Amino acid sequence: MGFPQTRLRRLRNGEALRRLVRETRPDPAGFILPLFVCPGEGIRREIGSMPGNYQQSVDQLVRDCEEARSLGVGGTILFGIPESKDEFASGGYDDNGIVQRAVRAIKAEVGDFLVVTDVCNCEYTSHGHCGYVKDGDVDNDVTLGWLAKSAVSHARAGADIVAPSDMMDGRAAAIRAALDEAGFEKTPILSYAAKFASGFYGPFREAAESTPQFGDRRTYQMDPANAREAMREIELDLAEGADMIMVKPALAYLDIIRMARDRFDVPIAAYQVSGEFSMIMAAARNGWIDKDRVMMETLTSIWRAGAQIILTYFAKDAARLSG
Ligand code: PBG
């Protein structure tokens with residue numbers, strides 16, 4: 001039956017009706033707020049390119065988590081800015097490292113709030129690459145050992161979920177084996193399975209002070225042109241024992257999220273990364289777009305594409321609006 005019997009505008013007539021027939025609603029319980037933790041006390045330094053985001057000391061971070069929890073945000077993912085960096089990323093797997101201290105504090109002080117840790121080395125290496133550099137390239141297999149040690153150290157501190165973001169081959173298996181051997185068989189792995197070499201990470205590298213000092217990450221992160229290869233990455237990570245997978249960035253990769261949703265029956269996360277956040281904030285500050293509207297529109301599109309977990313710097317703002 002067509003027009004005039006059928007009029008699709010009929011169900012758009014007023015917000016109550018639109019709400020009734022709405023197909024997709026991002027749920028704040030699926031939002032994960034990324035936070036940057038640094039040494040010291042009472043520190044809260046705003047990140048220039050990411051308004052409303054801070055490098056903060058553990059005491060401040062805990063307050064942020066408390067606020068996020070009270071708004072219904074599901075959890076946080078932590079990134080560390082260590083006291084010092086070296087060639088071996090030793091700050092990353094130190095039981096007394098900055099992320100480990102933050103995890104212990106949040107778990108002690110904020111109830112019912114998930115703490116995810118980003119397992120990577122780039123914040124801890126003097127050169128900013130995600131692993132051990134040999135002959136100008138990141139050595140895969142040496143790096144696996146560091147990742148396994150970091151994941152165990154995070155779990156020991158109390159992390160609820162570990163999330164490797166390095167894109168080394170075989171990391172899910174290496175981390176699963178190390179966690180199990182250390183008695184953390186209950187700690188799930190959220191693998192950044194399809195992580196692309198993206199220009200959208202620019203502001204994050206300022207925030208985490210992790211810009212590579214030479215070259216780029218294209219020998220380990222994926223080529224933005226490849227969708228089929230992304231499915232292979234996901235398949236391999238699941239075969240190695242990843243419990244959940246992630247697509248990153250989100251907005252420019254909605255097709256990848258949808259392909260993954262249609263193929264794999266596991267929880268799928270997507271990361272609305274720093275550049276996606278900063279673009280919206282910058283345009284809004286210029287008065288060119290409405291921040292709240294575009295924020296909710298992008299989050300809804302990511303949810304609609306098939307991600308029921310969204311890592312987003314908008315987590316608190318969006319939770320406020322989703323209420
Ligand atoms: C660490 C890591 C990065 C991001 C998350 N984990 C940076 C990178 O790969 O360069 C980016 C997150 C963002 O841009 O918000 N490897």
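Which residue forms a salt bridge with Asp-166? The partner is Arg-171, and the closest N and O atoms of the pair are 3.1 Å apart. A salt bridge here is a side-chain nitrogen of Lys or Arg within 4 Å of a carboxyl oxygen of Asp or Glu. The model is predicted, so local features need pLDDT of at least 70 and side-chain atom pairs count only at pLDDT 80 or more, while totals for chains, interfaces and linings use all residues. Residues are numbered from 1 along each chain as its sequence is written, and side-chain values use heavy atoms, with hydrogens and water left out.

By the salt-bridge rule, the count is 20. Asp-166 has a relative accessible area of 0% and is buried; Arg-171, at 1%, is buried too. Buried means under 20% relative accessible area, exposed means over 50%, and partly exposed lies in between (1.4 Å probe, protein chains only).

Another pair is Asp-216 and Arg-218, whose closest N and O atoms are 3.1 Å apart. Asp-216 is partly exposed at 38% relative accessibility, whereas Arg-218 is exposed at 63%.

A further salt bridge joins the side chains of Asp-262 and Arg-258, at 3.0 Å from N to O. Both residues belong to helix 8 (residues 254-263), where they sit 4 residues apart, about one turn of the helix. Helices are DSSP runs (H or I, at least four residues), numbered from the N terminus. Asp-262 is exposed at 57% relative accessibility, and Arg-258 is partly exposed at 36%.

Salt bridges also link residues into a network, with Arg-44, Asp-64, Glu-67, Lys-291, Asp-292, Lys-316, Asp-317 and Arg-320 as its members.

Methods:
Helix = DSSP H or I, 4+ residues; strand = E, 2+ residues; numbered from the N terminus.
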